[in-house]
Structure formats: structure tokens, C-alpha cells
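Hi,

Here is the structure I promised to pass on. Have a look at it first, and my notes follow below.

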Amino acid sequence: MSDCIFCRIVRGEAPAQIIYQDEEVTAFRDLNPQAPVHVLIVPNRHIAGVAQVEPDDEPTLGRLFTVARRLAEEMGITEGYRLVVNSGPLAGQSVFHLHLHLLGGRPFRWPPG
Ligand code: AMP
């Protein structure tokens, strides 16, 4: 989508601290970090959110997790990290391009707010 901020980051048209990119996914630092490590991992192809995923997306969705694992190792947070996907406005989704939050570097409580 031409006006989607995460699509523009993937295409290199909007500024971001990209830390990983391959043919399926891109990972970049969150603009408003909620933990010492806060990275967003997004599919390169526009998918609005979990409510829009299709069976054909399964390889891409799997890649989000393998990249999360790899980045968690590289960033030294394997003692504990949290992966979050907000789905819909009531859950706090504010950018409607699917993204996996990778958060680490501090303790996390449960239940979340
Ligand atoms: P969510 O509320 O789950 O949709 O998460 C959206 C996340 O995107 C928030 O944590 C924002 O801080 C982050 N965000 C929004 N715009 C940008 C941007 N241009 N670059 C990096 N992160 C962003």
C-alpha cells in the first residue's frame, strides 16, 4: 500500500533503523520503545493484521518467528523476551500493517495491561 508507513519503511522511502531485511520480512527499531530492546518485525508484503491473514501467508508468518528468534539471540535477550501482536483497535493496534513486537531487556509482568 503506497501510503502505509510500514510499507514505506520496507521500500526504504521512510526513515527507520532497519536491523534485518530479507525477501519476506523487515525488522526495525520501534520509534517509541517500551523496553531496552523493542524491534518490529513486519512482512514486506502488506497484510493489514491478523484478521486478514490467509493460508497462503503461512510461510511469511513463520519467517516472522524465525527472525524473532535470531534477533533475540543476536541482541542478547534470550533469558526472556516477549513477542506481541496487537489485533484490532481494542487491543491497541495502531498501525494496520501486521507486525510482531520483539521486546526484551527488562522483566515483563503477566497479565499485560
Ligand atoms: P501497534 O500499536 O501494535 O499497532 O504498534 C505500532 C508500533 O509502531 C508502535 O509501537 C509505534 O511506536 C510504532 N511505530 C509507529 N510508527 C513508526 C515508525 N515510523 N517507525 C518505527 N516505529 C513506528
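A quick definition before the charged pairs: I call it a salt bridge when a side-chain nitrogen of Lys or Arg sits within 4 Å of a carboxyl oxygen of Asp or Glu. Two notes on the source: this is a predicted model, where local features need pLDDT of at least 70 and side-chain atom pairs count only at pLDDT 80 or more, while totals for chains, interfaces and linings use all residues. Residues are numbered from 1 along each chain as its sequence is written, and side-chain values use heavy atoms, with hydrogens and water left out.

Salt bridges

By that rule there are six salt bridges. Glu-73 pairs with Arg-69, their closest N and O atoms being 2.8 Å apart. The two are four residues apart in helix α2, so about one helical turn separates them (helices are DSSP runs of H or I with at least four residues, strands are E runs of at least two, both numbered from the N terminus). Glu-73 is partly exposed at 43% relative accessible area, whereas Arg-69 counts as exposed at 54%. For those words, buried means under 20% relative accessible area, exposed over 50%, and partly exposed in between, with a 1.4 Å probe and protein chains only.

Arg-45 and Asp-57 also meet in a salt bridge, at 3.0 Å from N to O. Both lie in the loop between β3 (37-43) and α2 (58-74), so the pair ties together parts that are 12 residues apart in sequence. Asp-57 is buried, with 6% relative accessibility, but Arg-45 is partly exposed at 44%.

Glu-13 and Arg-11 form another, with closest N and O atoms 3.0 Å apart. Glu-13 is partly exposed at 45%, and Arg-11 is partly exposed at 41%. Finally, a network of salt bridges links Asp-22, Glu-23 and Arg-63.

Overall fold

The protein chain has two helices and five strands, and along the sequence they run α-β-β-β-α-β-β. Its radius of gyration is 14 Å, close to the 13 Å that the globule rule gives for 113 residues, so the chain is as compact as a globular protein of that length. (That radius is taken over C-alpha atoms, and the rule is 2.2 Å times the number of residues to the power 0.38.) Buried residues account for 39% of the 113. Taking contact as heavy atoms within 4.5 Å, 54% of the contacts between residues at least 6 apart in sequence join residues at least 24 apart.

Cores

A nonpolar core here is a set of buried Ala, Val, Leu, Ile, Met, Phe, Trp, Tyr and Cys residues joined through side-chain atoms within 4.5 Å. The largest has 16 residues, of which Val-39, Ile-41, Leu-71 and Leu-102 touch the most other members. Two or more residues of this core come from each of β2 (25-29), β3, α2 and β5 (100-104), and α2 gives the largest share, five residues. Apart from this core lies another of 10 residues, including Phe-6, Cys-7, Leu-40 and Val-95.

On the surface

Phe-65, Tyr-81 and Leu-83 make a nonpolar patch of about 270 Å². (Patch residues have over 30% relative accessible area and no salt bridge; like charges are joined within 9 Å, and nonpolar side chains, meaning Val, Leu, Ile, Met, Phe, Trp and Tyr, within 5 Å. Areas come from the Shrake-Rupley method with a 1.4 Å probe, and for residues only the protein chains shown count as cover.) Tyr-81 belongs to strand β4 (residues 81-84) and is partly exposed at 33%.

Cheers
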